[in-house]
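Please look over the sequence and the structure before reading on.

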Amino acid sequence: MRVHVADHPLITHKLSVLRDARTPSPVFRQLTEELVTLLAYEATRNVKVTPIEITTPVTTTTGVKISEPRPIVVPILRAGLGMLEGLVKLLPTAEVGFLAWSATRRPSSRPRTPSGFRTISPTASASRSDPMLATGGSLAAAIQFLFDRGAKDVTAICLLGTPEGVAAIEAMAGDRDVTLVLGALDERLDEKGYIVPGLGDAGDRLYGTV
Ligand code: URA
């Protein structure tokens with residue numbers, strides 16, 4: 001498994017504003033979108049492309065286009081929805097699938113079963129987006145779900161992760177093609193399952209339910 005932890009002052013700056021408990025929902029949503037676009041730039045580094053001939057106003061040359069089948073972007077409801085716009089801005093031709101948990105977040109009820117996912121093509125690359133990699137239980141189940149439905153490689157983009165979350169994904173990934181792109185690697189989980197220092201409940205902060 002490849003793990004990339006962002007190391008860019010713009011990303012750290014935006015994350016710092018997200019972490020601030022005083023940041024209101026509209027700003028939180030806007031910054032999440034911007035952050036995801038920056039993280040998606042890194043996450044798409046290995047996207048498959050096909051050479052094409054193009055004619056410029058001056059001459060003909062060789063360019064590239066994103067290969068078929070196109071990547072599939074899979075936000076996980078609810079908080080992952082806040083990441084969708086930022087991703088499709090960079091990958092406008094990507095297909096979009098949705099993944100929803102059959103129950104709301106209850107740390108005691110893992111592993112959970114995803115439901116409501118659209119069928120994906122057998123050769124697809126999937127880019128799954130959920131802002132917070134906490135224990136890794138949800139992400140591991142989501143990645144397994146995508147591989148079971150034919151994904152050949154999965155790239156997960158998270159705003160924040162924890163060492164235990166990364167270890168859990170590493171263990172489930174084995175020798176499969178999984179890439180993890182994190183905005184930052186935080187210290188740990190607290191006893192309630194929140195990332196420390198973290199930013200609180202991402203879904204609540206995105207949708208103004210705090
Ligand atoms: N999910 C969140 O939204 N926040 C956390 O800190 C952990 C999981």
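**Ligand site**

Nine residues surround the ligand, and the closest are Y194, I195, G200, D201 and A202; a residue counts as near when one of its heavy atoms lies within 4 Å of the molecule. The model is predicted: local features need pLDDT of at least 70, side-chain atom pairs count only at pLDDT 80 or more, and totals for chains, interfaces and linings use all residues. Residues are numbered from 1 along each chain as its sequence is written, and side-chain values use heavy atoms, with hydrogens and water left out.

- I195 has a polar backbone atom 2.7 Å from an oxygen atom of the ligand (a polar contact is a pair of N or O atoms within 3.5 Å).
- G200 has a polar backbone atom 2.8 Å from a nitrogen atom of the ligand.
- A202 places a backbone N or O atom 2.8 Å from an oxygen atom of the ligand.

**Helices α1 and α2**

- Helix α1 covers residues 9-19 and helix α2 residues 25-43; helices are DSSP runs of H or I with at least four residues, strands are runs of E with at least two, and both are numbered from the N terminus.
- The two pack at an angle of about 155°, with their axes 10 Å apart (axes are lines fitted to C-alpha atoms, for helices over the stretch in contact, and angles run from 0 to 180 degrees between N-to-C directions).
- That angle makes α1 roughly antiparallel to α2 (under 35 degrees is roughly parallel, over 145 roughly antiparallel, 65 to 115 roughly perpendicular, the rest oblique).
- On the α1 side, L10, I11, K14, L15, V17 and L18 meet F28, L31, T32, E34, L35, L38 and L39 of α2, where contact means heavy atoms within 4.5 Å.
- The residues of this contact of α1 with α2 divide into 10 nonpolar, one polar and two charged.

**Helices α2 and α3**

- Helix α3 (residues 81-90) packs against α2 at an angle of about 45°, with the axes 7 Å apart.
- The two helices, α2 and α3, are therefore oblique to each other.
- From α2, T32, E33, V36, T37, A40 and Y41 make the contact, with G82, M83, E85, G86, L87, K89 and L90 from α3.

**Cis peptide bonds**

- Most peptide bonds are trans.
- The bond from E68 to P69 is cis, with omega near -5°, and P69 is found in the loop between β3 (60-66) and β4 (72-77).
- The bond from L77 to R78 is also cis, with omega near 5°, and R78 lies in the loop between β4 and α3.

Conventions. Nonpolar A, V, L, I, M, F, W, Y, C, P; charged D, E, K, R; others polar. Polar contact = N/O pair within 3.5 Å; in protein donor to acceptor, adjacent residues only side chain to side chain.
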